[in-house]
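User: I would like to learn how to read several features of a protein model. Could we take them in turn?

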Amino acid sequence: MLPEAFRSSIISQLGPQKAESLFRVLDTEPPVSIRLHHSKLSEFPGSRPAPFSRYGRILSARPQFKDDPLFHAGAYYVQEASSMTLESLLPLFQEISHKRGGLKVLDLCAAPGGKSTHLLSLLGLCEGPGLLLSNEVVRSRAAILADNIAKWGCSNSIVTSLDPSVLGRLEGFFDVIVVDAPCSGEGMFRKDHNARNEWSEDNVALCAARQKRILADIWPALSAGGILAYSTCTFNSLENEDNLLWACSNLGASLADIPGSPETGRHYYPGEDCGEGFFLGALVKDGEYRPFRTGEKDTKGSLKPFKDKIDWVNSEDFVLYRKGNLVKAYPKTAANAMLCLENRLNNVLSAGTAVAQVIEGARGYVLVPDADLALSEALKPAAFPTVALDTEQARGFISREPLILPSGTPKGYVLLTYSGLPLGFAKNIGTRANNLWKTRL
């Protein structure tokens, strides 16, 4: 049953006919949609294009994603189609990137990673270097976010677990900030019937107040002329249009013009649009743009350049740094800005691509490849001998089952692939092979 107060508010907002149509749809099965990785997968069998993203696909049935090696290879992300409407802001992102020679983006409330992985794909469609900082204040959810970012394999990313007020101290650093705000979850009523029981008018008011605090806390970190994308998975205007108008009155913002959307943002309704309930709006920060300046201390902290060559990484495009016993790769085009963030911020869960652990010994050191490298763009082609797995073998690898490699496989670290995509590492020691699935450092 839908809460009566919710029904009344939706009837008032949409009118009786449209509201009743929505109520009926909320008792139906939701569609299943995925978003393809921009460089790992071009099509998904048995799917059709989703309406809101060039990478989106609608599936005819829900498969067991956890059993699909392509999912674990980062070839696609399971995401509601309506959430992919973030891509409608791409022209605004491209305009800023063209003017500034690149984009620095913050995904503030990022777990579990749907919008972050989408943003990483969209950054590839913008001019100049780009970087993404993905943040999640809840540490357990931030760990899931870091894992999904690692599967996506883009090295121009950082994952943190910080309160928005801490990130707000990076005054004027970001060109784009995405706030997918915690909300009352009305758009989840079809997927999650428990969300109906948790809904109340008091909770809507509480969420709206919390969303204002989040916007106020992070606003200083947005550069003048930058874009703040604001979204929720709820229907009411209190958490959506009203918050955008409040920001315009109190923060020094103007409403951004999103192609094909009303000025105060657009609602996406189940039944009318593919996917679940969603709202997307955007703000432009008033003022004159001034580039963020990094100082010498920002790029000289606990991370030290790793000067020895590692043949696993393309040295023309990536630079290596060592933090403790971990060697990490950063894209050369974004390295200084990423080092600035990593040196200024605490609770950095990941940054760049973890390449290897350094094991010190009496005769020097040895390097052990990190599982993240297998899925990353930083991996140099032909850096390791490869063994192609069939579906059954790949599922066994993901389940950490013992490995039997083909005779003649070279000893040492071996890259295992599935359908031509890297999946992870094994260490062949001759009589047997160690399964290194998700052995991250």
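**Cysteines**

Analyst: The sulfur of Cys154 lies 13 Å from the closest cysteine sulfur, that of Cys126, which is too far for a bond. This is a predicted model, in which local features need pLDDT of at least 70, side-chain atom pairs count only at pLDDT 80 or more, and totals for chains, interfaces and linings use all residues. Residues are numbered from 1 along each chain as its sequence is written, and side-chain values use heavy atoms, with hydrogens and water left out.

User: How many disulfides does the structure hold?

Analyst: A disulfide is a pair of cysteine sulfur atoms within 2.5 Å. The structure holds zero of them.

User: Is Cys154 buried or exposed?

Analyst: Buried means under 20% relative accessible area, exposed over 50%, and partly exposed in between, with a 1.4 Å probe and protein chains only. Cys154 counts as buried because its relative accessibility is 7%. Cys340 is buried as well, with a relative accessible area of 0%.

User: What is the strand order in the open sheet of four strands?

Analyst: Helices (H or I, at least four residues) and strands (E, at least two) are DSSP runs, numbered from the N terminus. Two strands pair if DSSP finds at least two bridges between them. Here the order is 2-3-1-4, and the pairing is antiparallel. Strand 2 (47-49) and strand 4 (76-78) are the edge strands, each pairing on one side only. From one strand to the next, the twist averages 35°; axes are lines fitted to C-alpha atoms, for helices over the stretch in contact, and angles run from 0 to 180 degrees between N-to-C directions.

User: Over how many bridges do strand 1 and strand 3 pair?

Analyst: Strand 1 (residues 32-36) and strand 3 (residues 56-59) pair in the antiparallel sense over four bridges. Arg35 stands opposite Gly56 in strand 3.

User: Which residues of helix 10 are buried?

Analyst: In helix 10 (residues 241-250), they are Glu241, Asn243, Leu244 and Ala247. Contact means heavy atoms within 4.5 Å. The cover over these buried residues includes helix 9 (201-218) and strand 9 (222-232). Just after helix 10, Gly252 takes a positive phi of about 85°.

User: Where is His98 found, and why does His98 count as exposed?

Analyst: His98 is found in helix 4 (residues 90-100), and counts as exposed because its relative accessibility is 52%.
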